[in-house]
Amino acid sequence: MRFIDEFRNSTVAERVALRIQERKTRPVNLMEVCGTHTVAIFKHGIRQFLPEKVNMLSGPGCPVCVTPNADIDKAIALAQNAGVILTTFGDMMKVPGSYSSLHQVKAAGADIRVVYSVLDALRIAENNPHKSVVFFGVGFETTAPTTASAILEAEQLGIDNFFFHSVHKLIPPAMRALLDSNEVHIDGFICPGHVSTIIGSQPYEFIPREYGIPCVITGFEPLDILQAIDMLLEQISTEEPRVDIQYRRAVRKEGNPIALKYLSTVFEVIDTCWRGIGIIPGSGLKLGQRYKRLDAERTFKIVPGPPKEAAGCRCGDILRGVSRPQECRLFAKACTPEHPVGPCMVSTEGTCSAWYLYGEESKALSPPGEP
Amino acid sequence: MCLAVPVRVIQIDGLKALVELGGLTRQASIMLVPDTQVGDYVLLHAGFAIQKLDEKEAEETIRLFAEIAERVTD
């Protein structure tokens, strides 16, 4: 398939890997921020091609995983309102909140519908004028513009029964929070490719400038990732940290100005809470003044109860790159994809799920050419 | 969840498009990339085209891979 197969050539991948292995570098920690990268790195067996001195860390880029229990509890409470149809992406269904999950309350009778796109939720609102349809919007800068578009479209169509529980989040402030925490040493960032199609490269500039750390905005095919690692090592060895774009076919320096305009029209930036990290300044998107009336939390009376965390779950440490899943005593024992205790095991992009499915021993299973 | 796939635009009606990937077609919104033309490749995420793919840049990246591969062999 066009734009995919060319970036999976195993012969070329082996050569790029060889170049990485031949590089004289000190031991480095490279963090892939995005959950889609985490999965791609495991799925394509990228780790098996890397020398021991190149250590890959997974960051907080799985939106399902970083949504704190308080926000999941609110979604559950909203779904339990009579007359409400709650719509959300499939990944959110099994995430345990403090007391229950959307999956469990659906089984108990709540009207919850999984959608592929916020536009599907808009259609549900259009087809159910006597119900209130709430979209539980999770996701980073890649997904938030789709929510903004649907809000603008609903307004244009005069649909007035469509509400939002928006917990959209912004990636660069989370990267700053990780760096400021000093908990984990990072020598280079594999920056998220699809977030960057929207925001461009400028929002990462503070990382090389203020922290001296190289960044490469990276695509998701095996050759993209290997090339990005090579580019990071180059920046590290020349001690010239900057933001490079490896994923040039999709990412422009300025991002997508139309998507950015919709974001600023619909949302305002707020401080928000990330699971495992806490409140990060300027990292959340809430409906702005003009669209506040669509905020489900303001429209419906909900009393979700005080949020609490599952005992023993170390998702928080894993999201900060401080711990690996194997260091959690629940991993692969009490916590599996079938019976997840924490969100990092629920989401297909969660670090625990990726380690569970592909783990160390899967290293030889999938060479880059045959995903 | 930031998964996006390259699809080819085969039909456009206002801000709605029909896109194709590996023989499968589906509807997509081009509200975020309104200057999309039939024949363009776009990244599809959650029902929306989020960015156009630049064929020249893609070829340039592939050329770079080839260059690296050659240099390593030498």
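This is a predicted model: local features need pLDDT of at least 70, side-chain atom pairs count only at pLDDT 80 or more; totals for chains, interfaces and linings use all residues.
# A tour of chains B and A

Select Ile12(B) and look across to S2(B), where its bridge partner is Ala17(B).

Now select the whole of S1(B), residues 5–13, together with S2(B), residues 16–21. The two strands run antiparallel and are joined by 5 bridges. They form a hairpin, with 2 residues between the strands. Click on Gly14(B) in the turn: its phi is positive, at about 65 degrees.

To find one of the partners, select Val5(B), which is bridged to Leu44(B) in S4(B).

**Where chain B meets chain A**

Show both chains. Here 32 residues of chain B are in contact with 42 residues of chain A. Which elements of chain B each supply at least two residues of the side that touches chain A? Select strand S4 (41–45), strand S5 (48–52) and helix H1 (55–73) of chain B; these are the ones. H1(B) gives the most, with 11 residues. Colour this side of chain B by class and you will find 22 nonpolar, 7 polar and 3 charged residues.

**The sheet in chain A**

Hide chain B and turn to the sheet in chain A. This open sheet has 5 strands in the order S2-S1-S7-S8-S9, with parallel pairing. At the edges are strand S2 (54–61) and strand S9 (243–245) of chain A, each of which pairs on one side only. Look along the sheet to see the twist, which averages 25 degrees from one strand to the next.

Next select S7(A), residues 188–191, and S8(A), residues 215–217. They pair in the parallel sense over 3 bridges. Phe189(A) has Cys215(A) in S8(A) as its bridge partner, and Cys191(A) stands opposite Ile217(A) in S8(A).

Move to the other neighbour of S7(A). S1(A) runs parallel to S7(A), and 3 bridges join them. Select Glu32(A) and you will see Ile190(A) of S7(A) opposite.

Stay on S7(A) and show the side chains. In a regular strand, side chains alternate between the two faces of the sheet. Which residues of S7(A) point one way, and which the other way? Gly188(A) and Ile190(A) point one way, while Phe189(A) and Cys191(A) point the other way. Are they buried or exposed? All of them are buried.

Two packed helices are described by the angle between their axes and the distance between the axes. For H1(A) and H11(A), the angle is about 20 degrees and the axes are 10 Å apart. Angles under 35 degrees count as roughly parallel, so H1(A) is roughly parallel to H11(A). The crossing of these two helices is left-handed.

To see the contact between the helices, select these residues:

- in H1(A): Val12(A), Ala13(A), Val16(A), Ala17(A), Arg19(A) and Ile20(A);
- in H11(A): Pro222(A), Leu223(A), Leu226(A), Gln227(A), Ile229(A), Asp230(A) and Leu233(A).

By class, the contact of H1(A) with H11(A) has 10 nonpolar, 1 polar and 2 charged residues.

Note on methods:
Residues are numbered from 1 along each chain as its sequence is written. Chains are lettered from A and ligands numbered from 1 in the order in which they are written. Two residues are in contact if their C-beta atoms, placed from the backbone, lie within 7 Å. Helices (H or I, at least four residues) and strands (E, at least two) are DSSP runs, numbered from the N terminus. Ala, Val, Leu, Ile, Met, Phe, Trp, Tyr, Cys and Pro count as nonpolar, Asp, Glu, Lys and Arg as charged, and the others, Gly among them, as polar. Two strands pair if DSSP finds at least two bridges between them. Axes are lines fitted to C-alpha atoms, for helices over the stretch in contact, and angles run from 0 to 180 degrees between N-to-C directions. A residue is buried if 20 or more other C-beta atoms lie within 10 Å of its own, exposed if 12 or fewer, and partly exposed in between; C-beta atoms are placed from the backbone. Angles under 35 degrees count as roughly parallel, over 145 as roughly antiparallel, 65 to 115 as roughly perpendicular and the rest as oblique. A crossing is left-handed if the near helix is turned anticlockwise from the far one by less than a right angle, and right-handed if clockwise.
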